[in-house]
Amino acid sequence: MTESLKKHIRAYIEISDEKLEKYCSAFRIQKIKKKDFLLKEGDICEAEGFVLSGCFKVFRTDKNADEQILYFGVEDWWISDIDSFINQIPSQLNIQAIEDSEILLISKEDKERLYREIPEIERLMRLKFQMSIIALQRRIVDNLSKPSDERYQDFLKEYPKTAHRLTNIQIAAYLGVTPEFISRIRRKIVSGN
């Protein structure tokens with residue numbers, strides 16, 4: 001089950017088979033059924049996850065019980081509430097499976113220990129963290145400067161293998177628009193107008 005994790009790691013760093021095996025052996029696999037939670041708001045995020053299969057949404061619920069989706073986690077993505085995980089404080093986020101899913105999980109203690117023992121892994125996580133910050137910055141800039149229809153088109157281009165797995169409501173909660181807007185823009189695209 002760790003083959004996809006090994007392939008993912010080798011796409012970013014050079015690492016010996018022995019060190020890679022040591023790192024991957026620290027993960028445990030967990031199956032999560034559709035609609036089940038990996039993390040609930042108020043709980044402490046005890047593990048960081050690498051998605052093997054399925055799809056997750058990382059979100060919070062506002063005072064009106066509307067979801068605000070930060071991101072989706074699909075195959076070969078890392079998911080966590082990084083603030084709760086690093087600082088061991090109650091989470092402000094929920095992580096819920098959108099589909100039946102399998103995920104590899106590593107504890108904070110194991111991750112920190114392996115950073116010390118395998119410097120290549122710390123480099124990998126630094127690279128992944130930098131990529132996450134860049135994606136977050138781009139998303140914030142886009143949300144501040146682009147119209148909703150353009151953000152929707154960008155979402156489809158950026159995540160073609162994810163968009164078809166999501167409902168209009170989920171995409172709307174990610175983009176900060178209404179589901180009706182998503183329905184209208186989809187109809188407009190299909191009709192070619």
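Visitor: Which strands make up the open sheet, and in what order do they stand?
Guide: In this predicted model, four strands form an open sheet in the order S2-S7-S4-S5, and their pairing is antiparallel.

Visitor: Which strands stand at the edges of the sheet?
Guide: Strand S2 (37-39) and strand S5 (67-74) do; each has a single partner strand, so one side of each is left without a neighbour in the sheet. From one strand to the next, the twist averages 30°.

Visitor: How many bridges join strand S4 and strand S7?
Guide: Four bridges pair S4 (residues 55-61) with S7 (residues 94-97) in the antiparallel sense. Phenylalanine 59 stands opposite asparagine 94 in S7.

Visitor: Which helix lies across S4 and S5?
Guide: That is helix H8 (residues 168-175), which runs at about 105° to S5.

Visitor: Which residues of H1 and H2 meet?
Guide: From H1, Leu5, Lys6, Ile9 and Arg10 meet Asp17, Leu20, Glu21, Tyr23 and Cys24 of H2. By class, this contact has five nonpolar, no polar and four charged residues.

Visitor: Is glycine 49 buried or exposed?
Guide: Residues under 20% relative accessible area count as buried. Glycine 49, in strand S3 (residues 47-53), has 0% relative accessibility and therefore counts as buried. Among the residues that glycine 49 touches are Trp77, Ile79 and Leu104.

Terms used: Residues are numbered from 1 along each chain as its sequence is written. This is a predicted model: local features need pLDDT of at least 70, side-chain atom pairs count only at pLDDT 80 or more; totals for chains, interfaces and linings use all residues. Side-chain values use heavy atoms; hydrogens and water are left out. Helices (H or I, at least four residues) and strands (E, at least two) are DSSP runs, numbered from the N terminus. Buried means under 20% relative accessible area, exposed over 50%, partly exposed in between (1.4 Å probe, protein chains only). Contact means heavy atoms within 4.5 Å. Ala, Val, Leu, Ile, Met, Phe, Trp, Tyr, Cys and Pro count as nonpolar, Asp, Glu, Lys and Arg as charged, and the others, Gly among them, as polar. Two strands pair if DSSP finds at least two bridges between them. Axes are lines fitted to C-alpha atoms, for helices over the stretch in contact, and angles run from 0 to 180 degrees between N-to-C directions. Lists of a residue's contacts leave out its neighbours within four places in sequence.
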